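User: I would like to learn how to read the features of a structure, from the overall fold down to single residues. Could you take me through one?

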Amino acid sequence: MLTVNAIAATSATDPLVRTTVERRDLGPRDILIEISYAGICHSDIHTVRGEWGEVPYPLTVGHEIVGHVREVGNAVTRHALGDRVGVGCMVNSCRDCDNCKAGYEQYCLQGNVGTYASADRDGTVTQGGYSTHIVVDEDFVLRVPESIPHHAAAPLLCAGITTYSPLAHWKAGPGKRVAVVGMGGLGHMGVKIAVAMGAEVTVLSQTLGKKDDGLAFGAAHYYATSDPATFETLRNTFDLIINTVSVPVDMKAYLSLLRLDGTLVSVGAPPEPLPVEVFTLFNNRRSFAGSSIGGIAETQEMLDFCAENGIAPEVEVIGADAVNKAYERVLKSDVRYRFVIDVDSLR
């Protein structure tokens, strides 16, 4: 076993602390990754605060990981020493169910193995990327193109694929009107990706405070949802709405913005239920859907798409000792647009 430096939550209320975690010995298909940067996702905060269920403390979170291959098992073929690689929200799945065989490991019918807080194949609890090293099966390791800035690549492994997957599935592109709800870590990636796909993009944010950024990222329009007139002005407008916020929203108001056969997709995950009036769906044959991350093949597709289109997240790089303060700022929406931990500060 390899003991490595890490940051962990010890309870739902106490600050995260420096600690160590153990990484398993390499199996034949395993890769040891020396982590360079780890993104801070709102999911990390929900998890460590126990908002999504019971937590196996102490827990090291982090599922936006980039680094380099430092050691490989003797049966590894996909990656080599020194390769620039990434790890996202899952590190294994059953590989045998219909969904896994179709390339949708994120929807594994047996439940995929999350990068943290999941039961690993050896019975231990997975520990995430707020650490100096991680061991992952090669099938769940992604190639990170060199053209993506190294310090900015990590959030693509969650924020990038979480928005890319529904945009691709619901065919955002030329002639489609797409709205992105929220201009945070997920939302700003949704804007950039939808614009690169060729859609006409509108940002729906609580205020106009980030309007200049949204337009700079390529959005054609920007509206404040705190203004009731927004929902009258935009009624029956959009083919697709990507809701990225992790707090409850007025579903009736947002669904009313969909045109015929339009779909509202939630990728943000508030702890509370989202009530839907079915008659709102009847109008315009609207749909309400959810979307998780992407499978491994689609995540690689997203990374290559971002490299080809010059897309990277806007990040603020911090040291390990600033993580607790970063959590506070995330909850206040005081970051443009993703915190990334420089893991060198943990060594």
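**Reading the fold**

Analyst: Gladly. The protein has 11 helices and 17 strands; helices (H or I, at least four residues) and strands (E, at least two) are DSSP runs, numbered from the N terminus. This is a predicted model, in which local features need pLDDT of at least 70 and side-chain atom pairs count only at pLDDT 80 or more, while totals for chains, interfaces and linings use all residues. Residues are numbered from 1 along each chain as its sequence is written, and side-chain values use heavy atoms, with hydrogens and water left out.

User: What percentage of the residues is buried?

Analyst: Buried means under 20% relative accessible area, exposed over 50%, and partly exposed in between (1.4 Å probe, protein chains only). By that scale, buried residues make up 55% of the 347. As for contacts (heavy atoms within 4.5 Å), 67% of those with a separation of 6 or more are between residues 24 or more positions apart.

**The cores**

User: Which residues have the most contacts inside the largest nonpolar core?

Analyst: In soluble globular proteins, nonpolar side chains tend to be buried together. A nonpolar core is a set of buried Ala, Val, Leu, Ile, Met, Phe, Trp, Tyr and Cys residues joined through side-chain atoms within 4.5 Å. The largest one here has 84 residues, and Ile40, Tyr130, Leu167, Val191, Ile193, Val323 and Tyr327 have the most contacts inside it. Helix H5 (residues 185–197) gives the most to this core, with six residues. Apart from this core lies another, of 15 residues, including Leu204, Phe238, Met251 and Leu255.

User: What does Val323 touch?

Analyst: Not counting residues up to four places away in sequence, Val323 touches Ile7, Leu16, Ile40, Tyr130, Ile318 and Ile341.

**An enclosed helix**

User: Which elements cover the buried residues of H4?

Analyst: Start with burial: nine of the 11 residues of H4 are buried, so the helix is largely enclosed by the rest of the structure. Those buried are Ala159, Gly160, Ile161, Thr162, Thr163, Tyr164, Ser165, Pro166 and Leu167. Their cover includes E10, H5, strand E13 (238–243), strand E14 (258–266), helix H10 (296–308) and E17.

User: What follows H4?

Analyst: Lys171 follows H4 and has a positive phi, near 60°, in a residue other than glycine. Lys171 sits in the loop between helix H4 (159–169) and strand E10 (177–181), and is exposed, with a relative accessible area of 59%.

**Backbone details**

User: Where is Arg95, the residue with a positive phi of about 70°?

Analyst: Arg95, which is not a glycine, lies in the loop between strand E6 (90–92) and helix H2 (98–101). Its relative accessible area of 33% makes Arg95 partly exposed.

User: Which residues does the cis peptide bond with omega near -10° join?

Analyst: That bond runs from Tyr57 to Pro58, and Pro58 is in the loop between helix H1 (42–48) and strand E4 (65–72). A cis peptide bond also joins Arg336 and Tyr337, with omega about 0°; Tyr337 is in the loop between helix H11 (323–331) and strand E17 (338–342).

User: How many residues apart in sequence are His133 and Val4?

Analyst: They are 129 residues apart in sequence, with their C-alpha atoms 6.5 Å apart. His133 belongs to strand E8 (residues 133–137) and counts as buried at 19% relative accessibility. Beyond four places in sequence, its contacts include Leu2, Val4, Arg23 and Arg347.

User: Is Leu142 buried or exposed?

Analyst: Leu142, in strand E9 (residues 142–143), is buried at 3% relative accessibility. Leu142 and Thr299 are 157 residues apart in sequence, yet 7.7 Å apart from C-alpha to C-alpha. Among the contacts of Leu142 beyond four places in sequence are His79, Leu157, Thr299 and Leu303.
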